[in-house]
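Colleague: Before we discuss this chain, could you put the model on the screen and take me through its features one by one?

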Amino acid sequence: MCRAFVALLLCLLTACETDNMYSSAYCRFTFNASLYPSSALTRAIGSTGGDFCIVKAQVKNGATHLMLTPNRGTFADTDLDLVMNTAITGERISYAGMGYRQGLIIGRSLYGQLRCYDAMCPNCDHNYPLSWSQAQALDLECSKCHRIYNIDGEYGYVKTGDKGQALTLYRNVSYMPDNGLLMVSNP
């Protein structure tokens, strides 16, 4: 009886730790890669692994732009600044619901797993942005605490700096190459 209780308690504690790596922030992001075939985001989601892109929504001259920062590669400016003036699947898309501060990191792990992380540091209350480290293509750095996070595997763990939470993941990430639709949603 006592062993069963301890085992149940350990399972519950482990489940809570696993759930902490997933975001509780509202997120609804849709991207039609077939409309932007040479963009950095299209390459990241279509790769076999190791390509990621920081995606931020920004309004310029009344139009929403997706500003893309890939972790590697060379792209034309038009493949990094996408004007989102086209309806997707017949409806206008709002880019206000992109995680904590309208920023996502989307791509494929080295194992080919499609992943989406929040673009804000989880150890700084999701108030400070992450940017690509100059040293490694799959490392991100917080602008405030200067922790380095690594996304070469399945989770964005703290590589250097004070210990803390891993990067925040979004659970529902899908890409359908047949129609080019990438969707990220939470909860």
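**Fold and surface**

Modeller: The secondary structure of the chain amounts to two helices and 12 strands, where helices (H or I, at least four residues) and strands (E, at least two) are DSSP runs numbered from the N terminus. This is a predicted model, in which local features need pLDDT of at least 70 and side-chain atom pairs count only at pLDDT 80 or more, while totals for chains, interfaces and linings use all residues. Residues are numbered from 1 along each chain as its sequence is written, and side-chain values use heavy atoms, with hydrogens and water left out.

Colleague: In what pattern do the helices and strands follow one another along the sequence?

Modeller: The elements are the two helices and 12 strands. Read along the sequence, they give the pattern α-β-α-β-β-β-β-β-β-β-β-β-β-β.

Colleague: Among contacts between residues at least 6 apart in sequence, what share joins residues at least 24 apart?

Modeller: Contact here means heavy atoms within 4.5 Å. Among the contacts in the chain between residues at least 6 apart in sequence, the share joining residues at least 24 apart is 55%.

Colleague: What percentage of the residues in the chain is buried?

Modeller: Buried means under 20% relative accessible area, exposed over 50%, and partly exposed in between, with a 1.4 Å probe and protein chains only. The chain exposes about 10,000 Å², with carbon and sulfur atoms supplying 53% of it; such areas come from the Shrake-Rupley method with a 1.4 Å probe, and for residues only the protein chains shown count as cover. Of the 187 residues in the chain, the buried percentage is 44%.

Colleague: Which residue in E12 is the bridge partner of Tyr175?

Modeller: Strands pair if DSSP finds at least two bridges between them, and E11 is joined to strand E12 (residues 181-186) by five bridges, the two running antiparallel. They form a hairpin with four residues between them, and Gly180 in the turn has a positive phi of about 80°. The bridge partner of Tyr175 in E12 is Leu182.

**Rings and charges**

Colleague: How many residues apart are Phe29 and Tyr95, which form an aromatic pair?

Modeller: Rings of Phe, Tyr and Trp (its six-membered ring) pair if their centres lie within 6.5 Å, planes under 30 degrees apart counting as stacked, over 60 as edge-to-face and the rest as tilted. The structure holds three aromatic pairs, and the one formed by Phe29 and Tyr95 is edge-to-face, at 6.0 Å centre to centre with 65° between the planes. Phe29 is buried, with a relative accessible area of 1%, and Tyr95 is buried as well, with 6%.

Colleague: Over the face of which residue does Arg171 lie?

Modeller: A charge sits over a ring if NZ of Lys or CZ of Arg is within 6 Å of the ring centre and within 35 degrees of the ring normal. Arg171 is in the loop between strand E10 (157-160) and E11, and is partly exposed at 47% relative accessibility. Its C-alpha atom is separated by 9.6 Å from that of Met21, 150 residues apart along the chain. At 4.1 Å from the ring centre, the residue over whose face Arg171 lies is Tyr22.
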